[in-house]
Amino acid sequence: MKKTLSLILALTLAVGLLGLGGSALAADLPTVVVGASAVPHAEVLEFVREDLAAEGYALEVKIFDDYVLPNTALQDGELDANYFQHTPYLNSFNASNGTDLVSVGAIHYEPFGIYSESVTDLKDVPAGATILVPADDSNMTRALLLLQQEGLIKLPESASVENGVTQLDIEDDGGFTIAPVQADTLSAQLKNSDEGTLAVINLNYALDAGYKTDDALALEDASGDAAQTYANIIAVKVGNEENPGVQALLKVLQTEKVAKYLSESFGCVAAFETAAEPKEIVGTVVVGASAVPHAEVLEFVKDDLAAEGYELDIKIFDDYVLPNTALQDGELDANYFQHTPYLNSFNASNGTDLVSVGAIHYEPFGIYSESVTDLKDVPAGATILVPADDSNMTRALLLLQQEGLIKLPESASVENGVTQLDIEDDGGYAITPVQADMLSAQLKNSDKGTLAVINLNYALDAGYKTDDALALEDASGDAAQTYANIIAVKVGNEENPGIQALLKVLQTEKVAEYLSENFGCVAAFETK
């Protein structure tokens, strides 16, 4: 039956190749040769054939009905890529066979299932029944974990996807006979088994035998580690990762269109982030920002915001006053440079009505110097420059106290605030308030031994990094949330669709990683 299905599909694929927009088109295109299991892999490849042609490549699919030959063919150069396996199997194959194959990208996850020809509910499995499982290491681990998930057997506490588990590790087999079988023969053996037999089968072989996910008595938990660990991949030989044809194949496979096809046709789950369907541009969001990191972060999400239907116009400011007056006057839709304590202080001093619509990131305040390399070496009587505005002065003085340079009243806190006049012991240092945007420049032209407590955006703008700081705020304290940098708008514009779209693209795992890797900033939101 399998050979017949494979032959039919092979013929279909061959006809499709010749019929793709005419034989001349197929003949004129360079070809990507891909090895695949018949179902669902070859069918998925057939589904993207025309999309790949639009990228400039013809597709030739070679169908295999086992898990060995498509890897040996790839190693031998008979294929450009293959599509049938997950990374644990690939790693195990490389280790056992001395091959050097690698994944270039995940496509989909096929939930492992428990199937039977006679049992309709796992609570009715007869005592002593045989349970067939795949014989290879990675898939046996997966099968045994599923059996434990369903309470049929008991494994050691250490059993996991990462640690692996074999038949010998089973602590309690529930009285069942666990029988390892070559993965590609599981379905056939189940169909010819005694009444009461179960089999834990890879979905591609289950589908090939006519089973569907709805027929499974149990499936792997798709929200667990399995979904990513056992994602089916496109594999190539080392050195071919950047092959343009393979990259084009990856591009057409990792789409919303394919994700929907996998789900609706096979019950498979996409193992990649589906690209959002581009929306028609419906407006422009004008945002005021400090140059670093704010404007750079906004630039980073510009394409994501366009995918939500909005263009982004970034206006860069080099102080902390003008972006708020411009927002109040309606010249901006939003701004992104400040934290809530500063915003509240600005509103109180200027009669503005600006509000936060969401936190984006936290920039740790730092103590910097051009000459001092350790705070224990700060000379007596040295000057310490701090921001002159109320909220940032509080933050600077609390950091100086954190490092034992000054002493503040017991009541000093983020909430209560503190000024230069509240210092109980200045340690003999000259605490000097300076406009925040001038701190870095003054420090660079200061006397030897001078310190400055600087907002990270201005420090970054001046070429300092968090690694250059002699001390940083404790990111686990109140500061991380209190001083989170926010998106601010004028009261009444909180629900503006463009602002909400901007917030959506900023509050993502992608942005959190970008902030951390490029600026040493910490995401101030729950990553999505």
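1. Helices (H or I, at least four residues) and strands (E, at least two) are taken as DSSP runs and numbered from the N terminus. On that basis the chain contains 22 helices and 22 strands.

2. The model is predicted, with local features requiring pLDDT of at least 70 and side-chain atom pairs counted only at pLDDT 80 or more, while totals for chains, interfaces and linings use all residues. Residue numbers run from 1 along each chain as its sequence is written, and side-chain values use heavy atoms, with hydrogens and water left out.

3. On overall dimensions, the radius of gyration of the chain, taken over C-alpha atoms, is 31 Å, whereas a compact globule of 528 residues would have a value near 24 Å; the globule rule is 2.2 Å times the number of residues to the power 0.38. Along the principal axes, the C-alpha atoms fill a box of roughly 90 × 60 × 45 Å.

4. Buried residues (under 20% relative accessible area, 1.4 Å probe, protein chains only) make up 51% of the 528 in the chain.

5. A nonpolar core is a set of buried Ala, Val, Leu, Ile, Met, Phe, Trp, Tyr and Cys residues joined through side-chain atoms within 4.5 Å. The largest has 51 residues, and Leu45, Ile201 and Ile234 have the most contacts inside it. Helix H11 (residues 244-253) gives the most to this core, with 6 residues. A second, separate core of 49 residues includes Leu305, Val357, Tyr368 and Tyr514.

6. Which residues does Leu45 touch, not counting those up to four places away in sequence? Its contacts (heavy atoms within 4.5 Å) are Val34, Ala36, Leu59, Val61, Tyr83, Leu249 and Leu253.

Conventions
Buried means under 20% relative accessible area, exposed over 50%, partly exposed in between (1.4 Å probe, protein chains only).
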